[in-house]
Amino acid sequence: MTRKDRQTREFRAEVRKVLNILTHSLYANREIFLRELISNASDALDKLRFRVSRGEKPLAPDMPLEIRISIDKDKKLLTVADTGIGMNAEELGENLGTIAKSGSEEFLAQLDNVAPAGGDGPEENRPDAANIVGRFGIGFYSAFMVAEKMEVISRPAFGDGAVAHVWTSDGLGSYSIEPAGDDAPERGTVVKAYLKDNSAEFLEKFRLESVIRNHSAFMPFPILLDGSRVNSEPALWLEPKFSIKREQYDAFYKTLTYDAKAPLDALHLSVDAPVQFNALLYLPDSSQDFFGMDRDFWGIDLYARRVLIQRRNKDLIPEYLAFFKGVADAEDLPLNISRETLQENVLLRKINQIIVKQALSHLEKTAGGEPEKYLRFWRLHGKIFKLGYHDFPNRERVSALLRFNSSALDDGEALTGLEDYMARAPEGQKTFWYVSAPNREAARLNPHTERFRAKGIEVLYLYEPVDEFVMEGLGKYREWEFKPVENAPDDALSAFEDKKAMQGKSAPLSEEEQKNFAALLDRMKEILGDKVKEVRVSQRLEDSPSVLVSPDGAMTASMEKLLKVMHKDDSLPVKVLEVNQAHPLLRGMLRIFKADARDNMLTLMTQGLFDASLLLDGFIKEPQVLASRLNSLLAETASLYAEVRKA
Ligand code: ADP
Ligand code: MG
């Protein structure tokens, strides 16, 4: 090889940053670098097997598909070799000189969280490599945690005249690619890690064996360490259920997901009709952020008769079941299927339908038989599962599995389902009433819930913005409608008796006083002007003096706020102010009004009532104005009270 064949290139900026973190900031669990190298080797073998199964002929077709690991203590060299698909010079540069798609961006965005500046502190205190590397798919580079220099010698299995090249880097600023020497493999890739002094442990055979057993036991190809085979686990999903121990299920889950925690549950399917397939699905015991970082991090690994076709296939499972991890192996899927035609494949659609049915049955069984476990499931995965309201054919089943906090429960942690709600409801109720609020306290203090409390009618508490969409999307469950308490018509609860007598409720007003009260309402409207549509007597209040109501009753306050945020509209909504005629505050105002309709105190109080109602709806637009009005009110009250106390 001549000097001019050698090409040296700079790493891209983001690669340099990632490498810097990997080499300087991560310490715990550095052993996972081996898992990454082995999984790359296994991927390369999978890719080769896939193309062979489509009829292509590789170089050295008789070479076994295997991964060989060897140790050279003198050279402090650890080698991982595979007989897989290999890489040509261009691919070496492309695959090992840049970082694939989303992973690196997320990684860099999270840099400060995972590896705070000054990551040179005591090694024990540095962040755990296992989480970070697994999560961000920066597998190959993780070898630089333990190696001061890496060499990747590769000969592609197909095409290109099959010239071998070697990629070399010290993991700092640059890498070089040049034609390989005599030590190049006949086919596939040899990865050489020249270990740092502080990583000598990875030159010990027993240490490597235990790392492989822990992290790579289920690799579908033989792993040989200095000539003898280390892994021996079968493709678990094809084994008969009765022969599999829980520990095996758990171990497979861990190698599949890199999750350190055992799964909450495993679901093993063996289906013969209408399609023949095996699947092994897991419910993780930890949650993912499918609305953020983990947006694309879901799907089921698709195999056809043990050959890996695609990782994280998203046609096999709907998004609302994205928390299920696992594999599906189809008997009748043609191996030569392309990624594009996969999507339209009828077989996959059928498998998807069966997986959904089985997954729902499993959740139903858990909800019935192991309620504690089900609640744990709900807390971890409920957020995404709710989106199942889109699944029209399975809507009833999804609905029955939803869980809510509600006014009938003792605390904010407890949860209930729609069936239980129906069982508790009094004769004649045909509506699921709900209220949106940021938390339980806010839900209880929402004036719209007062009448429900007085009548002993249960109200479901919705704490997440998406919940209202879920309710609207569902519309009905077993002929019962979902409705927000805010939209309850005046007579909605008239059929139900009061459960508790209201304390300190004033006596009804005489006909004469009714007229005065109506005039007070007119005066209040005059004071508030365009800020309200109308001021009227409320039928829905028990404890609170006032509440804002949407004139058309079409939209709840929380929904309206959400839309305003989306449209960047910061105007205040113009609503109807309803007042509680029996409330002492309103009775007091009536007396002031009768004495002097223009009394300034009346103006302050009316505005105060309105401000408080607006606050309850979650609007604070002009805090300064609000505070100054409140202060005037307090000043008036203070001087009056001092008078009364004769202070
Ligand atoms: P990932 O495996 O998530 O794609 P890695 O950093 O582990 O990310 O590897 C980057 C890429 O380098 C792989 O996608 C693959 O294309 C290539 N690669 C790494 N190791 C091998 C190997 N042993 N054989 C063939 N290609 C490899
Ligand atoms: Mg990898």
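**Helix packing, ligand surroundings and backbone features**

The structure is a predicted model, in which local features need pLDDT of at least 70 and side-chain atom pairs count only at pLDDT 80 or more, while totals for chains, interfaces and linings use all residues. Residues are numbered from 1 along each chain as its sequence is written, chains are lettered from A and ligands numbered from 1 in the order in which they are written, and side-chain values use heavy atoms, without hydrogens and water.

Axes are lines fitted to C-alpha atoms, for helices over the stretch in contact, with angles from 0 to 180 degrees between N-to-C directions. Helices (H or I, at least four residues) and strands (E, at least two) are DSSP runs numbered from the N terminus. On the α20 side, the contact (heavy atoms within 4.5 Å) is made by N600, M601, L604, M605, Q607, D611 and L615, and on the α21 side by L626, R629, S632, L633, E636 and T637. These comprise six nonpolar, four polar and three charged residues; Ala, Val, Leu, Ile, Met, Phe, Trp, Tyr, Cys and Pro count as nonpolar, Asp, Glu, Lys and Arg as charged, and the others, Gly among them, as polar.

Helices α17 (residues 511-528) and α19 (residues 584-595) cross at roughly 90°, and their axes come within 10 Å. The two helices are therefore roughly perpendicular to each other. Residues E513, N516, F517, A519, L520, R523 and M524 of α17 meet L586, M589, L590, F593 and K594 of α19. Eight nonpolar, one polar and three charged residues make up this contact.

For α2 (residues 32-53) and α7 (residues 205-216), the crossing angle is roughly 65° and the axes come within 9 Å. Here α2 contributes I32, L34, R35 and I38, and α7 contributes L208, V211, I212, H215 and S216. The contact of α2 with α7 has six nonpolar residues, two polar and one charged.

Ligand 1 is surrounded (a heavy atom within 4 Å) by N40, A44, K47, D82, M87, N95, L96, G139, F140 and T189. An N or O atom in the side chain of N40 is 2.8 Å from an oxygen atom of ligand 1. For the side chain of N95, the corresponding distance from an N or O atom to a ligand oxygen is 3.1 Å. A nitrogen atom of ligand 1 lies 3.4 Å from a polar side-chain atom of T189.

Two backbone features concern loops. The peptide bond from A273 to P274 is cis, with omega near 0°, and P274 lies in the loop between β10 (265-271) and β11 (277-283). Y258, although not a glycine, has a positive phi of about 65°; Y258 is placed in the loop between α8 (246-257) and β10.

Technical notes. Polar contact = N/O pair within 3.5 Å; in protein donor to acceptor, adjacent residues only side chain to side chain. Parallel < 35°, antiparallel > 145°, perpendicular 65-115°, else oblique.
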